[in-house]
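This report is meant for a reader meeting the structure for the first time. Please look through the sequence and the model before reading on.

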Amino acid sequence: MQIWVDADACPQVIKEILYRAAERAQVLTTLVANTSLRIPSSPFIRSLRVSQGSDVADHRIVQQVQSDDLVI
């Protein structure tokens, strides 16, 4: 299982909760955004930068998601 986050649309307070949850549950969490993100240094948290445009992050998540993944 992996968690995918549309980070362009996700409030910072929710990202902070997800960072803590990723560490606690040791689940890979990927934040997808069209801007650079500041994320904690962790083997369980990563960011993926996509090009600018409407729904580009959503489309990338759809391309990568697996059947047991969680999308936020």
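What percentage of the 72 residues in the chain is made up of buried residues? In this predicted model, buried residues account for 33% of the 72 residues.

## The chain as a whole

The chain contains 2 helices and 4 strands, and when it is read along the sequence these elements follow the pattern β-α-β-β-α-β. Of the contacts with a separation of 6 or more, 48% come from residues 24 or more positions apart.

The radius of gyration of the chain is 11 Å, which agrees with the value near 11 Å that a compact globule of 72 residues would have. Along the principal axes, the C-alpha atoms fill a box of roughly 35 × 25 × 20 Å, while the accessible surface comes to about 4,600 Å², with 51% of that surface belonging to carbon and sulfur atoms.

Helix 1 is formed by the 14 residues 12-25, and from its first C-alpha to its last it reaches 20 Å, close to the 20 Å expected at 1.5 Å a residue. Just after helix 1, Q26 takes a positive phi of about 55 degrees.

Within helix 1, the residues K15, L18, Y19 and A22 are buried; because they cover an arc of only 105 degrees around the axis, they lie on the same side of helix 1. An α-helix has 3.6 residues a turn, so residues three or four places apart point the same way. The cover over the buried residues of helix 1 includes strand 1 (3-6), strand 2 (29-33) and strand 3 (45-49), whereas the face turned away from the buried side carries the exposed residues V13, R20, R24 and A25.

Definitions and conventions. Residues are numbered from 1 along each chain as its sequence is written. This is a predicted model: local features need pLDDT of at least 70, side-chain atom pairs count only at pLDDT 80 or more; totals for chains, interfaces and linings use all residues. Side-chain values use heavy atoms; hydrogens and water are left out. The expected span of a helix is 1.5 Å times one less than its number of residues. Buried means under 20% relative accessible area, exposed over 50%, partly exposed in between (1.4 Å probe, protein chains only). The arc is that of the directions from the helix axis to the C-beta atoms. Contact means heavy atoms within 4.5 Å. The radius of gyration is taken over C-alpha atoms; the globule rule is 2.2 Å times the number of residues to the power 0.38. Accessible areas come from the Shrake-Rupley method with a 1.4 Å probe; for residues, only the protein chains shown count as cover.
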